[in-house]
Amino acid sequence: GKDILGLEMMTVPEIEVILETACQMKGIIDRDIKKVPTLRGKSIVNLFFEASTRTRTSFELAGKYLGADVVNITASASSVTKGESLRDTLYTVEAMGVDVIVMRHEAEGAAQYAANVASPVIINAGDGAHEHPTQGLLDMFTMKEVKGKLDGLKVAIVGDIFHSRVARSNIWGLLKMGAEVHLAGPKTLMPYYIQEVGVHVHNKVEEALEGADVVNVLRIQRERQHKGLFPSAREYARIFGINQARLDLAKPDALIMHPGPMNRGLEISPDVAYGDQSVIQEQVKNGLAIRMAALFLVLTGGKNIETTA
Ligand code: CP
């Protein structure tokens with residue numbers, strides 16, 4: 001189907017077509033054309049059961065720039081608070097005839113469930129610790145745009161791997177595209193099975209950073225660490241925090257990335273977050289291009305944007 005549920009099941013040609021389409025979309029953004037009629041008459045619902053700034057806003061702007069109607073449903077302000085189930089919420093949205101549901105939910109597999117029970121196209125905007133495919137795509141787009149390729153890049157992913165859907169989507173996508181993936185983080189935040197998928201796992205962050213082309217720093221997800229943060233925030237910052245001295249172990253032109261939102265001073269120092277090597281703001285901009293591409297492709301099946309814009 002046309003659903004975008006995760007990068008684990010996406011093929012290399014599918015990833016390539018999304019990245020290429022996003023390139024064209026970035027051209028539209030860069031030319032400051034904020035309205036094309038490509039998706040006129042289409043309707044998109046952002047259905048968010050968890051907080052979001054970047055993903056929700058960029059999907060909304062992406063839909064609007066392409067001429068679609070976009071409506072936001074925030075679960076905390078919806079009838080979910082009255083006990084309405086996920087299934088009934090999906091049926092309700094479906095009954096209004098929407099074409100796409102962009103959904104974020106705290107449960108792993110929620111996007112797959114939605115795709116099984118509801119007829120609109122489902123785009124996963126994050127399901128628990130499972131996947132966040134458009135984030136993985138925008139991260140790969142950013143790396144490829146600056147480095148010219150993904151094949152052979154050494155990418156270090158640092159931090160709370162255990163709770164990170166961003167890490168999982170990065171891992172699946174990057175391995176498919178031929179990058180070498182190195183993970184580093186405390187053992188308490190490293191899933192024991194992860195080595196089996198073909199990544200290199202390091203307990204010492206310095207080993208992962210050595211000669212890296214890209215350093216992708218993850219947010220420490222304190223809200224998901226129900227048993228408390230171990231190591232403590234202070235210990236984490238000291239042992240794993242990405243500061244300039246640690247970043248200097250990577251290649252001199254290594255990119256520093258972070259999906260946001262950041263805990264500045266915890267997983268990343270402020271000078272690194274806003275330093276010369278940081279592409280964090282570019283990631284946000286590229287997120288808009290990737291989401292325009294995703295909406296365009298699921299709704300049109302990939303007609304050339306130039307002919308329809
Ligand atoms: N990176 C990301 O998904 O950010 P939001 O939670 O703000 O959408």
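At what angle do the axes of helix α5 and α11 cross, and within what distance do they come?

## Helix α5 against α11

The axes of helix α5 (residues 133–147) and α11 come within 9 Å and cross at roughly 115 degrees; axes here are lines fitted to C-alpha atoms, for helices over the stretch in contact, with angles running from 0 to 180 degrees between N-to-C directions. Helices (DSSP runs of H or I, at least four residues) and strands (runs of E, at least two) are numbered from the N terminus. This is a predicted model, in which local features need pLDDT of at least 70 and side-chain atom pairs count only at pLDDT 80 or more, while totals for chains, interfaces and linings use all residues. Residues are numbered from 1 along each chain as its sequence is written, and side-chain values use heavy atoms, with hydrogens and water left out.

The crossing of α5 and α11 is right-handed, a term for a near helix turned clockwise from the far one by less than a right angle, anticlockwise being left-handed. On the α5 side T134, Q135, L137, L138, D139, F141, T142 and E145 take part, and they meet E282, Q283, N286, G287, I290 and R291 in α11, contact meaning heavy atoms within 4.5 Å. By class, the residues of this contact divide into four nonpolar, six polar and four charged; Ala, Val, Leu, Ile, Met, Phe, Trp, Tyr, Cys and Pro count as nonpolar, Asp, Glu, Lys and Arg as charged, and the others, Gly among them, as polar.

Helix α1 (residues 12–30) and helix α11 (residues 280–300) have axes that come within 8 Å and cross at roughly 115 degrees. α1 is therefore roughly perpendicular to α11, the class for angles of 65 to 115 degrees, whereas those under 35 count as roughly parallel, those over 145 as roughly antiparallel and the rest as oblique. This crossing is right-handed, and the residues of the contact comprise 14 nonpolar, two polar and four charged.

For helix α2 (residues 54–65) and α11, the axes come within 8 Å and cross at roughly 55 degrees, which means that α2 is oblique to α11. The crossing of α2 and α11 is again right-handed. R54, T55, S58, F59, L61, A62, G63 and Y65 of α2 make the contact with V284, G287, L288, R291, M292 and L295 of α11, and its residues include eight nonpolar, four polar and two charged.

## Ligand surroundings

Around the ligand lie S52, T53, R54, T55, R104, H132, Q135, P259 and G260, each having a heavy atom within 4 Å of it. A polar side-chain atom of S52 is 2.6 Å from an oxygen atom of the ligand. Backbone atoms also take part: a polar one of T53 lies 2.8 Å from a ligand oxygen atom, and a backbone N or O atom of R54 lies 2.9 Å from an oxygen atom of the ligand.

## Backbone features

Most residues other than glycine have a negative phi, and most peptide bonds are trans. G260 and P261 are joined by a cis peptide bond with omega of about -10 degrees, and P261 is in the loop between β9 (255–257) and α10 (270–273). D32, a residue other than glycine, has a positive phi near 60 degrees and belongs to the loop between α1 and β1 (43–48).

Key
Polar contact = N/O pair within 3.5 Å; in protein donor to acceptor, adjacent residues only side chain to side chain.
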